[in-house]
Each structure stands twice: as structure tokens, then as C-alpha cells.
Amino acid sequence: MASEKIEFLAEEMDRLRTDRETLRSLPWPAEVQGELDRLVEDLEAQRLRVGRAAVLTLVGSTGAGKSTLLNALVGKAIAEPGESRPTTRQPVVYAPEDADVSEWLADLPGPAPRVERYRPSALGTWSGQIVIDAPDTNSVETSHRAVVQALAERSDVLVVLAHRQSVVEESTVRFLESFAQMRGLVLALGHGDRLSAANRRELAQQLESLARERFGWRGERVHVLSPLEALEDPQSQGWPEFCAELHSVAQAGQLRRIRRYNALGSAGRIAQWVARARPQLDGQWEALEREVAQATRDLPARVLEEVSRRLDLRQSDLETLLWDEVGRRWIGPGGLALRAGGMTSLGLGAGAWLARRNPLLAAGAAAGALVTSKWQSRQREQSVRGGEAWLPSPGEWTRWYEAALAPVRLAASTAEREAAPWPSGEELQAEFQAAVEDALSDLMDRELPGQAEQAARSPLRWAVDLPVYAFALWIIVRSAIGFYEGAYVGMDFLVNAALLAGAWLWLGRTVARRWLRSRAGRLVQWVRARIEARFAQVMDVALGPLQRRLTEQREAVHRMCRLEATWRAKLEEPGDSAPRDRVANGSDAPSSAPLS
Amino acid sequence: MDPSEPHPPVPPNLESLWVCVEARVAKAPNETQRARLREAEAILRRDLLTQDHATHLVLGMLGPNNAGKSAVFNGLVGQNLSPSRATGGATRQLLGACSQPDAIDRRRFQVRLVSPGPQGVTEVLSPGPPESLPVVAVPHVQAPFLLIDAPDFDSVMEGHAQAARDLLWVTDLAVLVVTRHSYQNLAVVEFLRDWLRAGHPYVLVYNEAASAATASAHAEVLQQSFGQPAEAVFGAPWDEEVANGRAPLLPRLLEAGHWREETLGAWLWQQLQPAAIQARAREASLATVHQRLSDWYRDFQSRESLRGKLHGVATQELEAFAHEIARSAMPMGPILDAFRRVLDQRPGVWRQGYRKGLRWAGEGMQRLSRKLAGSLRPVPKSAPEQVREAEWQALEPKLAPTMERLQQRLLSAGAAQDELWSKLLQSDLAPSRLPAIREQLQRDLETSPESWQEFSTYCEGLVEAEMADRNNEWLLQIMVDLAHLLPATVAAVIVVQTGGLMTDVAVGSMGALSSMATERLSKFLGTQTAQAARVKWAQMRGEPWRQWLWQALLPESGAAWAPPDSSQWAPIATWLDQNSAQAGSHGIRESS
């Protein structure tokens, strides 16, 4: 096989193994799990055999004459045929003297095979292939089944030897079916000397149609043999043709073709098993994705609802913060008036009331009110920034988290429930918390100043401030004129003027606050939208591994379903026959198709 | 066998056993169970309950593919009736031969008389029920014998194994035909071992023997594999004439490694004692029925215990959840009211007057605050509505997690072992059913009957008992009054003081005070009374919740786990019990 093909196979096998592991946690029936493992292992073993000698195993029911056949092929008695069933217990390996079979023989069940050596020659039947006389496939010695199974797994070609009573025998047919299309098959009917010509034809025909139907066999002829006669006469009927086929099987070109056929057969069976399970898997994935989408919607929506409720409650705080912020930017009496909270107003009012009797006390009251107001606004800012108070309590959070995640886990299969990367509740909660805190600090550091900048426009500022300045100027001019003229303005005049200015500023402040209230509403909406977007991101990240896992599984199934087609396109060479028709209900699963 | 000899009547309990077994066949949960019951049913109906034991002894030709069953059959009837070919597989259906086909019990076989052509019976017989049997009348076959040729049981040919198996249940004496190739086939041994172990008699025919000595040795090995000796061993050497159908196959007796002159036919007609064989066959059949039914019953019981376990686990889980819902929404109102009512009914003029005054004050306060509050807010919900709402809030977020836990607990408790049950469970607890489950539970909740009266009466009883035990009744009375009056008073004061502006605060503080006071009260009363009330409420409300949850969460699997009616299978258990003494060794006697 060309090196590029070998490389291709090595890569494909790595991918196939990875895909197999990815799909292990899916809800396959136990027998499908086992079958997939067997097929993947078998492919790997096939790949490792590339470049080595051809291995042919004689299989068949007890009494078919396998040992006699090997003896007749070799030309001397190396295997022990017998009358008492089952005869062969120890496999006999007939191998060329230069072949290293130790690795091949390792870990075989049953008694260790006996190895007989020969010197290969390019011309005769024995050109370097390894031939094994295996135990039966149908006797009461059930331990033989495991031995012949292991031998067949390590072979390239199965030489099936049947006799009159075993052609349609169920246990042998089942055994061969498990290797259908994964091994080259040479079919032979033994004990030919005991059959009339008509019976030979009929039995050969029976075996042929069975092999075509159940094993996907594509050979040309069923050999009818009598190994006993062949021991005497190598030219006996059917024998030379049989030897020629065994010889040709071991030839490099033909062997490569058989191995390609075997690999494609195994790949095809994997594809079939996976394709058969695919509709059910698709249904399950769909359900899982639906539940994931639902959870992705539900959980953040619930948290957001809770946060929104708290935001609505704090809207007045936000309004105050916005007034303060605008006031800070508004240099002038209007700004001062805007920042003045309820406390300041009360304090200033008390100051004004006291001013006529005790100006000092009045100033003190005003200053105290200002300090209190300052402290209040700081408290307010801190309460908005602190994130803890914005989210539900841990107990409530756990309830929501469980309520959202439980349907997703219910939709997953039992194995998947343990294997899948579920997001952790604590981490998710921390992420949500961070999202809220980030949005709030963005609000305080950027959005609130920005809104304030836009809100306090200079026409408004001048409209409020200019009359105050003008009034103040007039008071000063009036006081100065009074001073020079000796007619001092009285304390009452000044207090009244201050009250008048205060009243004007109060009016301006009320108008400005009204105007700013709608802006505060917009701020709440902004922060809500921002939290929502962040929540969606958090959910995406948290459920990302799960989504990726789903995608990987889907891709693996897709690749495995297309395994045979991919390999065929890459491996097939001109001269290989057309793709086999695979019926939907293929020959790999034990079927009870009528045979008549 | 003498037809005039009265044969033992069919015991009546077998008839009722059969009725019972037949009814169970359709209810078998899996293929293995169904096969066991079907076999027991077939043996009972077609063998043990039939009336023609006096007239017919069934000889069944059984063996692997192409062993020569039909050749032996043809040799016995003396003509080429059954198609026999060297390539095998010619016999596809049962074929019978006897001298008096009319006497065959229809329960055993639906006899269809056929007449052979020059090539034997070659018509393609349409596959019918196992009871359907084409029979050829052959005067040559002696009176009690009914010879039946069968297809093989070890090939992939469709229907062959089933036809052979169906014949087993009515066979009195099996004629097992094997060859030197197939005498150690696993399929041969496995097919017959079970049947032979029950004590069924058989005759071994070793065909295509290489020599008498090897044939004897091989027959010995096969008998050892079966664990049962044959009545007699016959054999025939390999003969090409026979193999190609040009000469009849006439097996000869094989004894001590030598051929004897006696042929199978002669031995059957002359040496065999049909009555003895029949008695043994009958006992073996009874033993087989016993064994099949015991196997079935063992599986049935283990499945039954698993079913009970799953039912228990589901009940436990749902009950816990139902009680949790009920407890979380327990109303305190009825307890307080009960106290008030009990105290109101206490004797004594002073006390009565004091109570009346208090009651008047309390009601007045409440009316006032409600009037003011009602003008500003929507009318508060009634108590049952509040309870329903609280229950729903306790249920809703826990619904999906409960489903998940339920599924996991049931699967790990054993539902995963049973394919049908785990499938039902998966579909019952599929997340896609959540909206439907919610809807159903909501409907149940809305239409639930109110059981306040019962709870109130119970609370009154509790309070009565509590009061009887206590000495400081006045203290109790004051506490109850406070709990009742304080919240309303505070609320009314707030509402009146603020001119209706602080209604929110009033209602809120009323609720807070009320629950605080009730808590104080219940602490004062000691945990017992409160606990008893809580338990009562959980029972009263938990029971309907448990039922709703069962129906909503486990509609299919819950129905599958409902305890079955034991009268349907009790006769089988009784019969097995009565006959268990003899079941160990084969040879069950009919129970009278």
C-alpha cells in the first residue's frame, strides 16, 4: 500500500478512536457499544497487519475435514484428523520459516498453537502465507468458539470448509456473519467423494447463495473437494483450482485488494451501526438543545426580573445622584440650589428664619445642614455601587439554578448526565454578581457623568443664574449707593433680597429636577439593558462547554456515518469492483432472513 | 395398549391451571417469560389435557439438518412418504402417519388427511399453526403409534426450529437421528438436554456409522452429554445407496459395539411397552410444565418485588415532596380562630362580658382598617386563595429538580434493569412534558375542594385538650387577644393617624405583627400543639398533593407499577407449591 494511504489510515484511525471515545457516553444499547469497540479494534489490528504475510484460517463445523485439508495442502500429516468429535483442540499454524509469529500468537485463548515451518517458494502453493487449522465453530466444546474467534480476528482470509450437514447450520452461519465483509472468504465443500454429481452441484449452489446473501461474498466459485482423495492424488477433482486460489490470495496485489476490501467492510459496518442509531440520537440532541436554550432564557430572565425590581425601588436614589452630578458641573447659584437636598433646604430655611435674630446661629444651622446633606449623598452613592444587595439570596439563587438546570439534565441520558460539563452554581452566581457590579460602576463612573454633562446645558444655566447675578448686582449697587448716601440698607432688606433670590432658585431647581427625572428613568433602562446583555454573555460562556460537547458529538457521528464513503474515495484503486449495495437492514446484525 | 383399559382421568386442577397460564401469556413482560408460559401452556393443552392417550403414542423424528430423519421415517412406514434428499432441508413441515387418523384428539393436532402421490407427499404445505398436521393413513403402522417427521432444529431455515420445538411438547417418545458429524454439535445437545432432563424417553439412531464400535462409543458420548440414557441405540452404516435414496434406511439395534438383527421398526412394534412409555412421558411433561412455570414464577416474583420497590420509592419521594409543599403553605388563621372560639365558649359572666367587649373592639378595628385600606388597594385575597398561591410558589421552582431526583432514584432503585419500565419512566419524566405537567397540576389545584372546616374542627379539638392541661388560662387568653387584636389595632392607628396615606405600612406591619404574635403564641403553647396542627395539615393537604403528583408526573409508569390482582396468578403459585415436593427429581405425580 502506498505510504500516503498508510498515513491516511493512521490519521483516520486516530480520529476514529477519538470519535469513538466522544460517543461513549451516548445511550447505545450494550451490544452496540461492544460491537463498535470490536469493530474499531479490528480495524486497528487490520492496519497493523499491513505489509505482513497473509494469514488464512480454516474455519468450519466439526467434522468438516479442516485438519485433513491442511494435511492434504501441506502434503504430510502435520494436523491430526480423527473420528471422534470435536477433534482439533490445539490450533496448528503453518508458517514460512522467516515469519515472526510470536507477536501474532500472543494472548490467544485456549492451548498454545503448534507452529510448523516451511521454506517459501515463489512458484508453488506456499509463497509465504500463514495457514491455521482452527477448532470447530459448532461443537459442545464452547471454549473452541473463543479460540476460533481470536484466530479469525487475526486473519485476512477465512477458508470456509463445509460439509453436507453444515452448509446451512445456524451456529456456523452466525459465526461467519460476524465477519461478513470484513474478511476475504474462500468457500469449499468437503467430503466431495461421498456426494453424487447432482448433489455436489446442489450443495455448492446452496452454499454460494447463502454466502452471497448473508456474508456479502463476491467470489466466483465454491470449491468442491475431497482432501482424502487429494492426499492420494493432487490432481483430483477441484483440488488444483483450490490450490491456485489459495496461492493467488497470498500474492501482493490480490492481498492488498483483500485487505482494502476488509477495511472498507469494517468501516461500512461501523457506519451502519452509527447510522442506525442516528435518528434517535438526533432526537435526543434536539431535546437537549431545546432545554439548554430554555435554561439560557429562563435563568437570566428570572435574575434580571429580581434586579429590575430593586432598580425600580432605587430609581429615586438615582435621580438624586443625577441632580448632584449635574449640580457639581453647574458652577453657579443654580447648581448649588440643585444639589441642595431636603436637609439643606430645611437647614437654609431655618438659617433664614434665624438670621434676623442671630446671624451666627443661622450660619451654623446652614453649615450643619450642608454637611448632613453631603454625608447623605455619599451614603446613597455607596449603596448603589455595592453589588451584594442587588442579587437574590444564596438559597433562592440555588432554587432558581436547580429549576433551570434540572430540565436540561433530564433531557440528557444517564451516562451523559455524569460526563457532561455542567456549569457550577457558585461560579455562575459569582459571574452574575460581577455583571451587576460592573454595570453599576459603569453607571456611576461614565453614564451618570455623561448624562449630567448633556443635561446641564448653558442656556438653562444662564436662564436660571443670570437673573440671580443681576439681582445680586442690583443689591450691591443699591447697598453701595446707600452707603455713600448714608442711607444704609437695613438687615430686613438684605434678608428679603436673599429670600427672593432663594425663591427664584427654588423655582429653577424644581423645573430642572422635573426635567432630569425622565433622564434618570432612561438611566435605569440603560443599566437594565446592560445587565441583560452581560447575563446573556455569562450564560453563553457557562453553557459553552456543553454546547461544544454537543457539536463534537454531532460531528463525530456525522464522520462515522460517512466513514466508508470517505475511506472508499481515498483507498479504492482502479480494478476494485463497484461499491457493494448495502441494504438498509444490512447483514451485520443477526437477522433471520428467510433462506429457501 | 388396550383401548378398553380406563386411562386416568384428567385432574380438574390441570384444567384450571391451564386457564390461568393461558391468560398470563399475553401479559408476559418479555420474550423469555412469554416463551416459558407459552411452552407450559402448549404442553398442558396439547399433551396433558388431551384425551387420546389411550389411542395414540406420538413418535417424533428429531435431529439436526440432513441427518436422515425422513429416511428413518420412510423406513418405518415402509414407503417414501416424506421427501428425503441427500442435500438436506427437504422436510419443511411436520408430517404424520398412523393407522387411525380419525381418533387423534383435535386439541392435540388439527389433523388434515393427505394422500401421497408416487413421489410421496410433495404438496407445498402452507405454514399454519403448530397444531396443524397433515397425516397420511398408513395401515402398516401399528395401532397406538403416530409417527411424525419434523424439520431440523439447527439450520438457518426459517420456521424449521420452531416446528421441531412445537413437536417436542406432544412427543411421547423421541427418535433422535444424528450422524458421525453432528453427534457432538452444541445445537443438538442444547435443543434436547432440557427436555430429556425432565425424564422424556428417547431412542437414539446413529446414522452413517463408520463401524459398529465407533458408533457405540459415539452414542455413549452423546448419552453422557444429555445425562440421560436412551431406551435403545440403533445405527446404520454409511451406505451410498441409502444416501442417494435408492434404498430404504433400516437402522439396526446396536448393543455392546455390535450390530444386532433387530430393526428399529421391529423393536418399536414388538419390544416397546406403549403404556409404560406413555406414563413416563406424561410424568416428564408434568415435570417440564413445573419447571417452566417455576422459572417463570421465580422471574415473576423478582419482577414483582422490584415493582413493589419502585412503587415504594416513588410513593416515598412524592409524599415527601407533597408534605413539603403542604407545610410551606400552612395557614395560621384556623389555629388562632380556634383559640378564640374555644375561649369564647368558656363559662362565667365576667369572662363572657370581657370576651364580648374584646371581640367588638377587635372587629371594629378590623372593619375600620379594612374600609380605609379597601378604598386605596385591591381587596386582599381570601385565605384559601392565599394558601393555593403559597403552595404553587413552593411547588413551581422545585418541580423540575424533583423530577430529576425522582428519575435518578427510580433508575438506581432498579427501573434501569427493566427495559419497558425505564422507557416508560423516560417518557413520563421527559422535560418536554413540563408545561403539560404544570398545567395539569394547576388545574388540580384550582379545582381542589376546600377542607378548612375539617382543619378548624381539628384545631379546636387540639386547643380544648391543651386548655384542659393548662392552669394559667388567663395568660393564654391575654396572649391570644394580643395576637389577634394588636396587629389590627396598630394598623388602624396608623391608617387613621395618616389619614389613609400609609396604608401600605399599615398592612405590612399588620402582617408582620400577626405572624410574630402567632409565633410567640405557639412557642408559649409548647411545640406539641403546633406540631400536631402542622402534622394534621400536612396529612390533610399532602394526601391530595401526593395523588396529583403521581398522576401528573408518573401517568404511565405509575399505572404499570400498580399492584396486580393476585387472583390472576395465585392458582399457578398454589399448583407449584403443591407439586414442589416431587419436582426435584423428575417424576411428578399428578396432584389429586
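Colleague: Quick one to start. Is A:E229 buried, partly exposed or exposed?

Modeller: A:E229 is partly exposed, with a relative accessible area of 36%. Keep in mind that this is a predicted model.

Colleague: Where in chain A is A:E229 found?

Modeller: In helix 8 of chain A, which covers residues 227–232.

Colleague: Which residues gather with A:E229 in a patch of negative charge?

Modeller: A:D193, A:E232, A:D233, B:D239 and B:E240 gather with A:E229. The patch is on the surface.

Colleague: Let's zoom out. How many helices and strands does chain A have?

Modeller: Chain A has 20 helices and seven strands.

Colleague: What does the C-alpha trace of chain A span along its principal axes?

Modeller: About 160 × 40 × 40 Å.

Colleague: What share of the residues in chain A is buried?

Modeller: Buried residues make up 50% of the 596 in chain A.

Colleague: Now the nonpolar surface patch. Which residues make that one?

Modeller: B:Y354, B:I478, B:L482 and B:L486 make it. The patch is about 330 Å².

Colleague: Which helix gives the largest share of the nonpolar patch?

Modeller: Helix 16 of chain B, residues 473–497. Three residues of the patch come from there.

Colleague: What about B:Y354? Where does that one lie?

Modeller: B:Y354 lies in helix 11 of chain B, residues 349–376. B:Y354 is partly exposed, at 34% relative accessible area. A patch residue needs over 30%, so B:Y354 passes that cut-off with its 34%.

Colleague: On to salt bridges. How many are there over all chains?

Modeller: The count comes to 65 salt bridges over all chains. The general idea is that side chains of opposite charge can pair when their charged atoms come close.

Colleague: Which residue does A:D156 meet in a salt bridge?

Modeller: A:R49, at 3.0 Å from N to O. This pair links distant parts of the chain, 107 residues apart. A:D156 is in the loop between helix 5 (143–153) and strand 5 (157–162), while A:R49 is in helix 2 (residues 30–49).

Colleague: And why does A:D156 count as buried?

Modeller: Because its relative accessible area is 1%, and buried means under 20%. A:R49 is buried too, at 8%.

Colleague: Which salt bridge crosses between chains?

Modeller: One of them joins B:R180 and A:E83, at 3.6 Å from N to O. B:R180 is in the loop between strand 6 (173–179) and helix 5 (186–197) of chain B. A:E83 is in the loop between helix 3 (66–74) and strand 2 (92–96) of chain A.

Colleague: Last one. Which residues are linked in a network of salt bridges?

Modeller: A:R17, A:E41, A:E44 and A:R47 are linked that way.

Key
Residues are numbered from 1 along each chain as its sequence is written. Chains are lettered from A and ligands numbered from 1 in the order in which they are written. This is a predicted model: local features need pLDDT of at least 70, side-chain atom pairs count only at pLDDT 80 or more; totals for chains, interfaces and linings use all residues. Side-chain values use heavy atoms; hydrogens and water are left out. Patches are made of residues with over 30% relative accessible area and no salt bridge: like charges are joined within 9 Å, nonpolar side chains (Val, Leu, Ile, Met, Phe, Trp, Tyr) within 5 Å. Accessible areas come from the Shrake-Rupley method with a 1.4 Å probe; for residues, only the protein chains shown count as cover. A salt bridge is a side-chain nitrogen of Lys or Arg within 4 Å of a carboxyl oxygen of Asp or Glu. Lys and Arg count as positive and Asp and Glu as negative; His and the chain ends are not counted. The place of a charge is taken as NZ of Lys, CZ of Arg, CG of Asp or CD of Glu. Helices (H or I, at least four residues) and strands (E, at least two) are DSSP runs, numbered from the N terminus. Buried means under 20% relative accessible area, exposed over 50%, partly exposed in between (1.4 Å probe, protein chains only).
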